[in-house]
Amino acid sequence: MRKVLLVLALLTLSACSNEQADLTMSSQVASEEVKSEEVKSEEVKSEETTNSKFYGDLSTDGTNVVDKDGNVVQLKGISTHGINWFPDYVNYDLMSEINEQTDINTFRVAMYTEDYNGYLNTDSASQQELLELIDQAVEYAVDLDMYVIIDWHILNDSNPLNHTQEAIEFFKLMSSKYGDLDNVIFEICNEPNGDTSWADIEQYANQVIPVIRENSDNLVIVGTPTWSQDVDQVEPLDFNNVVYTLHFYAATHKDDLRAKAQTAIDNGIPLFVSEFGISDASGNGGIDTDEADKWINFLDENQISYVMWNLSNKDESSALIKSSVTKTNGFTSEDLTDSGNWYLQHVGKNQPKKEVSPTKREDTPVTSEESKDDVSFNVVSTWDGGGQYEAVINNSSNSPLSDWKIKLVFNNSFELEDSWNGKFTQNGNTITITPEDYNKQVEANGTVEDIGFTVKADQELDLKTIQLV
């Protein structure tokens with residue numbers, strides 16, 4: 001049914017003249033009002049998915065993105081460079097490879113507005129081509145059960161208020177065509193910058209989001225001041241299912257920006273990293289994998305979705321494909337840049353993972369990289385529908401360790417059932433453990449064992465990271 005819906009939308013679009021594709025879209029939108037009973041969202045949402053990374057209809061709950069059952073989910077994605085420069089990377093074979101070979105479930109379509117051949121800086125024929133690229137990306141994503149972000153990629157236009165009416169017309173069109181599809185996410189302003197304030201963004205969003213809400217309750221991503229970094233300035237908008245953009249480039253943005261992100265989280269703001277890189281903020285220069293790893297740990301601990309920039313062979317360090325590689329699918333690790341291979345290590349299937357002791361207490365422990373003290377995660381026993389696990393702290397230093405905290409992040413979902421020898425809290429796929437009064441202190445060269453718990457789960461827990469704080 002989803003492919004039928006997209007074919008219907010594409011046929012409707014192709015029937016429109018170039019004149020209807022210019023900035024006066026109102027007549028085109030009216031002609032594309034094809035919401036018959038057979039394209040209602042209930043039919044789309046009821047269809048079974050074969051992709052375990054697809055969670056169906058998304059919404060927000062507190063600072064988290066959740067599925068229809070209220071389970072916390074974390075999207076992982078990849079962003080095109082501007083489709084006005086690099087249209088050929090919107091192709092089915094590439095998106096299928098990404099879907100099959102990695103943990104990526106989200107494809108961001110970056111459509112620049114004022115820059116070269118951008119939507120607001122070109123003729124109606126080129127504008128139509130950009131719309132058709134979006135159509136193709138949505139069609140492919142629907143077929144593959146992937147999420148797709150339609151990104152109104154402001155950059156040189158700085159303040160989204162500069163083109164409010166054009167954005168209203170664009171998102172009226174997009175939401176009328178795709179608002180009933182679970183997998184479409186609307187990003188209404190990529191990186192507000194210059195002197196743009198949160199008040200400006202709020203004024204803009206309060207005009208654009210109601211147009212989307214006339215047709216769709218899907219997730220909306222809203223940019224934040226200073227190239228989507230000042231998330232600590234956000235005051236929540238009065239709409240459901242809105243997340244706020246955090247962008248970072250690891251070689252430039254470090255502890256200071258993570259502190260802003262933490263402030264936003266503490267203020268109850270749901271964040272979404274719709275763009276990041278591991279180069280400097282220019283998108284070029286040297287990369288910083290150590291700082292990038294810290295960012296990924298932070299995002300995983302807080303269950304924040306993230307999308308990496310950029311899927312192109314542009315000759316810059318943030319591009320994921322080497323500039324010498326001209327093909328647009330069928331990539332191997334040899335075709336990827338250092339940025340591309342770093343991301344593949346994090347999201348690629350069948351990539352080397354941190355070893356986790358599989359079945360026995362005496363197996364080699366997983367060691368926290370953040371501390372000289374060792375913390376191990378052990379599988380005690382498993383059974384159909386659950387298992388018993390434990391953490392063990394080994395203080396190898398000559399000083400006591402006090403008021404410890406353990407964070408365990410898993411790759412699969414579960415329900416914490418019982419626990420002992422610690423105070424356990426669960427947030428999505430993350431367990432945080434703090435001590436009881438009797439084991440707050442781990443003596444020098446001492447050990448605290450059997451920090452244990454049981455879970456309900458469809459499969460054995462797959463540990464992603466473990467950290468002793």
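Close-up 1. Ile-393 stands opposite Val-448 in S20. Strand S13 (residues 386-394) and strand S20 (residues 447-456) are joined by 8 bridges and run antiparallel. Two strands pair if DSSP finds at least two bridges between them. Strands (E, at least two residues) and helices (H or I, at least four) are DSSP runs, numbered from the N terminus. This is a predicted model: local features need pLDDT of at least 70, side-chain atom pairs count only at pLDDT 80 or more, and totals for chains, interfaces and linings use all residues. Residues are numbered from 1 along each chain as its sequence is written, and side-chain values use heavy atoms, without hydrogens and water.

**Close-up 2. An open sheet has 4 strands.** Their order is S12-S13-S20-S16, and the pairing is antiparallel. Strand S12 (374-383) and strand S16 (415-420) are the edges: each pairs on one side only. From one strand to the next, the twist averages 25°. Strands of a sheet pair through backbone hydrogen bonds.

**Close-up 3. Helices H4 and H5 cross at roughly 40°.** The axes of H4 (residues 92-101) and H5 (residues 124-144) come within 10 Å. Axes are lines fitted to C-alpha atoms, for helices over the stretch in contact; angles run from 0 to 180 degrees between N-to-C directions. H4 contributes Tyr-92, Met-95, Ser-96 and Asn-99 to the contact (heavy atoms within 4.5 Å). H5 contributes Ala-137, Tyr-140, Ala-141, Asp-143 and Leu-144.

**Close-up 4. Asp-135 and Lys-177 form a salt bridge.** A salt bridge is a side-chain nitrogen of Lys or Arg within 4 Å of a carboxyl oxygen of Asp or Glu. Here the closest N and O atoms are 2.7 Å apart. The pair links distant parts of the chain, 42 residues apart: Asp-135 lies in helix H5, Lys-177 in helix H6 (residues 164-178). Buried means under 20% relative accessible area, exposed over 50%, partly exposed in between (1.4 Å probe, protein chains only). Asp-135 counts as buried because its relative accessibility is 0%. Lys-177, at 14%, also counts as buried.

**Close-up 5. Lys-254 and Asp-288 link two loops.** Their closest N and O atoms are 3.4 Å apart in this salt bridge. Lys-254 sits in the loop between strand S9 (242-249) and helix H9 (255-266). Asp-288 sits in the loop between strand S10 (271-277) and helix H10 (289-301). Lys-254 is partly exposed, at 32% relative accessible area. Asp-288 is buried, at 18%.
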